[in-house]
Amino acid sequence: MQDIINSLPKRAKDKNNENKKFFQKLKKKPPKNLDYVMQELHEEEFERTECLECANCCKTTGPLFTDKDIERIAKHFRLKPQQFIEQYLHIDEENDYVLQSVPCPFLGVDNYCSIYDVRPKACRGFPHTDRKKIQQIANLTLKNVAICPAAFNIVEAMKQRING
């Protein structure tokens, strides 16, 4: 698995122009069944993919924390939201709350998340390949293919399925 993770940024970079063109085409004229196809590809990939073997998302990037996320996680730790923010988060250049550092402080050496039941919304949905209207989150998806082997595979399968 580590070899796949190590090669992923280069593989994603090599496919970046092709993927950008593909998503531009999708934005202009998305197939009627795109949401259905994406759901199917997502489910097929995650039948083969075990996130606990990888956890690259938790090791290399941090999610955005919504106000609801902060309240929920702070409550879990029996902290006031402001205490949780001061201990774990900072505001980034886009004015969003993000982790002070990566890897995620809640990731265990076994790749399990210590706050899994109360984890941020962004973590729950990652890599967002089963979202409706995926063509609208093209930039996010292009970033995620360099982080998540499953997202990379889903986009490759998506190009095959849609371009035939």
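## Where the cis prolines lie

In the loop between which two elements does P103 lie? P103 lies in the loop between β3 (97–99) and α6 (121–125), where helices (H or I, at least four residues) and strands (E, at least two) are DSSP runs numbered from the N terminus. The peptide bond leading from V102 to P103 is cis, with omega near 5 degrees. A cis bond also joins F126 and P127, with omega about 5 degrees, and P127 is placed in the loop between α6 and α7 (138–144).

## Basis of the model

This is a predicted model, in which local features need pLDDT of at least 70 and side-chain atom pairs count only at pLDDT 80 or more, while totals for chains, interfaces and linings use all residues. Residues are numbered from 1 along each chain as its sequence is written, and side-chain values use heavy atoms, with hydrogens and water left out.

## Helix α2

The buried residues of α2 are L34, V37, M38, L41, H42 and E45, where buried means under 20% relative accessible area, exposed over 50% and partly exposed in between (1.4 Å probe, protein chains only). Because they cover an arc of only 130 degrees around the axis, they sit on the same side of α2; the arc is that of the directions from the helix axis to the C-beta atoms. The face turned away from this buried side carries the exposed residues Y36 and E47.

## Positive phi values

Most residues other than glycine have a negative phi. A55, although not a glycine, has a positive phi of about 55 degrees, and A55 is buried, with a relative accessible area of 6%.
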